[in-house]
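Good morning, and thank you for coming. Today I would like to walk you through one structure, beginning with a strand and moving on to the helices.

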Amino acid sequence: MNQPGVPAGQDRTAKDRKVTMYRNGSIYTAADPFATALVVDGDTVAWVGSEQAATSIVDSSMEVIDLRGALLAPGFVDSHAHLTESGLALSGLQLTGVRSAKELLDAVASASGSGTVLGHGWDETTWHDSTLPTLEEIDRASAGRAVYLSRIDVHSALVSSSLAAAAGLDGLDGFSGTARVVRAAHTAARLTARKFPEHERRGYQESALQEAASHGYVALAEMSAPHICGAEDLRMAMSWNEHGNRPEVLAYWGELATSEEHAQAILDGLGARVLGLAGDLNIDGSIGSRTAALVDDYSDAPGQRGSLYLSVADATKHLVATSLLGVQAGFHVIGDAGLGAVLEALDAAADEVGEQRLRAAGHRLEHVEMADQSAIDRLAKYSVSVSVQPGFDAAWGQPGGLYEQRLGGRSQTMNPFASFYASGVPIAFGSDSPVTPLRPWSSVRACLEHSNPEQRISARAAFLGHTRAGWRATKHRNPLMGQLVPGAPASFAVWEVDELMVQVADSRVQSWSTDPRARTPLLPALDTGSDPRCLQTVREGRELFAHESLRV
């Protein structure tokens, strides 16, 4: 058994191994729905049971942590995140609260420092007047500094003329001489704005990992791609795993492969072992930036149907190449036309390599916001996992929100979580941070309170989608990951909670129950208006975060 923070093959001696008992709380475990205590031996869950049994086995060699009624539950897994981008959003201009071009320009003018002004989170659909600032206005506000301000979805941005010049935007698709850039011009602007020293990049990633640990995450799927930050960013993100004192980085690389040999060459050339050629390999863009590929026009932009970045032939070659290697492929896909292209590619790849081989590779798709029942059935046929973001619906799914503005009546069919579950499509949940925050309980609540009541799921299903399903979507070989049973890795979080309940999503039955006869592990009440507070996060026995009140 490997000890926490020690590489495989370098176990600590028995006398160095730490044994910790947690007691007087509530343990979320399938082993015993009434468990109040848990023992961690090194990096492994050694025992779960009752308070009475804990009294009989505790000894002076153990550290004993009194939970004082807190909940100890499996740690969260974010199935889609971007470390460097998240760190930048935490430290740069935070623009989610601006409500006009003037407020945005005021924020730029107030930016400290002398380098590029970096900001994130503006969303003109929430402004009183959706008119964007001009290039000249941004130049004046920044006093000539380079400016890159990503929209909330990070599929478009506002830039200054100095950054446009440095990135060579003239003549690129998506640059029309205004401050707003999309498609190829946005990629060029983002990569130029991301040219910062190694120590700054490390600081951004560390900030994101600390933020994740403080909110109960034990792992994050890092969705790197050439158009986002580059291979050096990926290698740095993976280097955090060597220390064991941060959430685990589950890394993907979104680069298109044209053949089995090409796919292998990409993997060999990365200088780091990734889980697959998946993630943010973009089939299309986003709803908010009107770059998601749609079958019909955007409701607020007649004649526009978004952008299809990869052809069916491109996607087919990628799926064939990775299936032959037995590694995961995947795509970023949001619009219904984008999903249609992926489904055609899956059919074509199955014809070439066979359905069994295609399914065995465990391919995944990111987002899949627009999917009808026919499309969902085809995803189930090929055992494709879908990584979805409940925070999207919470942010944009309400009446009058972005979905309704951009899509009209189609907004009612977005993010069909319950339909995915009912049809047997494996789904895992993530934040797409920095698009939505690293707040797992808010994400669980968003599943319970989906804007379309027919697509709501129970808190238990949502919790499993944020924990065990995150590991399964990576094809992790240990079936005990994401569980707290004897022999499982000791990866969990401790939460200060007001009340524990069984919560279901069906409004026709009582949604909140404290009846212990259900023998269902209880979860925090999420109708209180606030999230549970994280008291500790532990990854394989190694403490990643501890609140000052934990051991008081």
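Predicted model: local features only at pLDDT ≥ 70, side-chain atom pairs only at ≥ 80, totals over all residues.

Strand β10 covers residues 147–151 and strand β11 covers residues 156–159; they pair in the antiparallel sense, over three bridges. As background, strands of a sheet pair through backbone hydrogen bonds, either parallel or antiparallel.

Both strands belong to an open sheet of five strands, whose order is β8-β9-β10-β11-β12 and whose pairing is mixed. Which strands form the edges? They are β8, residues 93–94, and β12, residues 180–182, each of which pairs on one side only.

A helix accompanies this sheet. Helix α3, residues 101–109, lies across β8, β9, β10 and β11, and runs at about 135° to β10.

I now turn to a pair of helices. In general, two packed helices are described by the angle between their axes and the distance between the axes. Helix α7, residues 198–213, packs against helix α8, residues 231–239, at an angle of about 50°, and the axes are 10 Å apart. Because of that angle, α7 counts as oblique to α8. The crossing of the two helices α7 and α8 is right-handed.

Which residues meet there? From α7 come E198, R201, R202 and Q205, and from α8 come E232, D233, M236, A237 and S239.

Technical notes. Residues numbered from 1 in each chain as written. Heavy atoms only, no water. Pairing = 2+ DSSP bridges. Helix = DSSP H or I, 4+ residues; strand = E, 2+ residues; numbered from the N terminus. Contact = heavy atoms within 4.5 Å. Axes fitted to C-alpha atoms, helices over the stretch in contact; angles between N-to-C directions. Parallel < 35°, antiparallel > 145°, perpendicular 65-115°, else oblique. Left-handed = near helix turned anticlockwise from the far one by under 90°.
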